[in-house]
Amino acid sequence: MENKLNKRERYKAQLKPIDYYKDFENIDFESLTEGDRFYLQDFGIFNVDFLEDEFTIRLRIPGGRINAQHFQKIADIVDEYNLTIILTARAGIQLHGIEADDVLEIHKRINALGISTWQSFGDNVRNIVTDVYDGCGEYSQIETYAVVMQMHDYIIKNPRYVGMLPRRVSIGISGNRANVTSFFANDIYFALSKKDGVFGFNVYMGGKNTEVAVSADIFLKEDEVFDFFKAFVEAFYLHGSRFSRAKTRIFHMIEDIGMDGLKAHIQKEYKKDFQSGGEIVLEKAEFSEFHKLKNETYGFCYQTDFSRLKSDEIKNIASFATKNDAEIRF
């Protein structure tokens, strides 16, 4: 039986999400079609037909870092529209309980802050994560935030990729010897490693909720990660399966053509030879409410109520961070 494009791919073939967005101001959020719901996910807006009057907007927070001013303004929007705020598993923010009449205005206000909602759902590179103590914790070896922002900026509003990947891609990177959480469930994970006395990153691919990413036997220096990332995304865009939705993740691509097959596609775009993998640098550590930082101060872990935050909590945290010149990280 001949393979047929899945439903989402048929929508993409009819109209690219980036072109759908051109008429964004004229969307009637009270009478959405199935196609509307599909396209809106690429811009961070989620709605289902059995809750047609209630919307969710997801915000990208690259590397989990947000400044106090933005955090405060989000709290103001939550108060003004009586919303619920939930932190996501990928260090982002979701605003729940948005009424149809308010979706467009809230979406515009959030994006006007410089916080992007683009590609936070749908077939996109999702919010890129790193360790919360990146660059500042006692186990930090390489600060990765700069490359996280490079990757983020490359993806956001890139017409070639907005909503156009075969499936979502989750990316993790850590330059820490010990991490608060594991990153091996990502489609691709750049893990702190060492080769010939130089710190860099080993590449692991094929993780997802129920699977652990496996070694690709590739070592990258810090300044090679971004180019590899671009080659990886392009290879997946060109060669990932667009048929059964159940078999479109990187994990299934590796199942189908093998790790060597995937590496060959990436290398064609990367245009350089790969170095074989180094020795992963990863140790176990206990993390508590307070964590010692490199500058001899401490980070404090504020625990939410199952990822829910009230606006007064946000305002208090933002105020404390402002007064004490502290950083807020998810």
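## Pairing, packing and burial

Tutor: Strand 4 (residues 84-87) and strand 13 pair in the antiparallel sense, and the pairing runs over 2 bridges. The model is a predicted one.

Student: Which strands form the open sheet, and in what order?

Tutor: The open sheet has 5 strands in the order 1-2-5-4-13, with antiparallel pairing.

Student: Why are strand 1 and strand 13 called edge strands?

Tutor: Strand 1 (45-46) and strand 13 (308-309) each pair on one side only, and that is what the term edge strand describes here. Helix 4 (residues 68-81) packs on this sheet, where it touches strand 2 (54-59), strand 4, strand 5 (93-99) and strand 13, and the direction of helix 4 makes about 20° with that of strand 5.

Student: Why is helix 4 called roughly antiparallel to helix 9?

Tutor: Helix 4 and helix 9 (residues 311-323) pack at an angle of about 160°, with their axes 9 Å apart. Angles over 145 degrees count as roughly antiparallel, and therefore helix 4 is roughly antiparallel to helix 9. Their crossing is left-handed.

Student: Which residues of helix 4 and helix 9 meet?

Tutor: From helix 4 come Ala68, Phe71, Gln72, Ala75, Asp76, Val78 and Asp79, which meet Ser311, Ile314, Lys315, Ile317, Ala318, Ala321 and Thr322 of helix 9. By class, the residues of this contact are 8 nonpolar, 3 polar and 3 charged.

Student: Why does Thr117 count as buried?

Tutor: The relative accessibility of Thr117 is 0%; buried means under 20%, and so Thr117 counts as buried. Thr117 lies in the loop between helix 5 (103-112) and helix 6. Leaving aside residues up to four places away in sequence, Thr117 touches Phe43, Gly44, Ile57, Arg58, Leu59, His107, Ile110 and Asn111.

Student: How do helix 6 and helix 7 pack, and which residues make the contact?

Tutor: Helix 6 (residues 145-155) and helix 7 (residues 225-239) pack at an angle of about 35°, with their axes 10 Å apart, and helix 6 passes helix 7 in a right-handed crossing. Helix 6 contributes Val147, Gln150, Met151, Tyr154 and Ile155, while helix 7 contributes Val225, Phe226, Phe229, Lys230 and Val233; these residues divide into 8 nonpolar, 1 polar and 1 charged. Two residues of this contact, Phe229 and Gln150, are 79 residues apart in sequence and 9.9 Å apart in space, C-alpha to C-alpha.

Student: What makes strand 8 mostly covered?

Tutor: Of the 8 residues in strand 8 (residues 198-205), 6 are buried. Strand 7 (residues 188-195) pairs with strand 8 in the antiparallel sense over 8 bridges, and Tyr189 stands opposite Tyr204 in strand 8. These two strands form a hairpin with 2 residues between them, and Asp196 in the turn has a positive phi of about 50°. Strand 8 is also joined by 4 bridges to strand 9 (residues 214-220), again running antiparallel.

Student: How do you know that both faces of strand 6 are covered?

Tutor: In strand 6 (residues 171-174), Ile171 and Ile173 on one side and Gly172 and Ser174 on the other are all buried. Strand 6 pairs with strand 7 in the parallel sense over 4 bridges, and Ile173 stands opposite Phe190 in strand 7.

Notes:
Residues numbered from 1 in each chain as written. Predicted model: local features only at pLDDT ≥ 70, side-chain atom pairs only at ≥ 80, totals over all residues. Heavy atoms only, no water. Axes fitted to C-alpha atoms, helices over the stretch in contact; angles between N-to-C directions. Left-handed = near helix turned anticlockwise from the far one by under 90°. Contact = heavy atoms within 4.5 Å. Nonpolar A, V, L, I, M, F, W, Y, C, P; charged D, E, K, R; others polar. Buried < 20%, exposed > 50% of the residue type's maximum accessible area, 1.4 Å probe, protein only. Pairing = 2+ DSSP bridges. Parallel < 35°, antiparallel > 145°, perpendicular 65-115°, else oblique.
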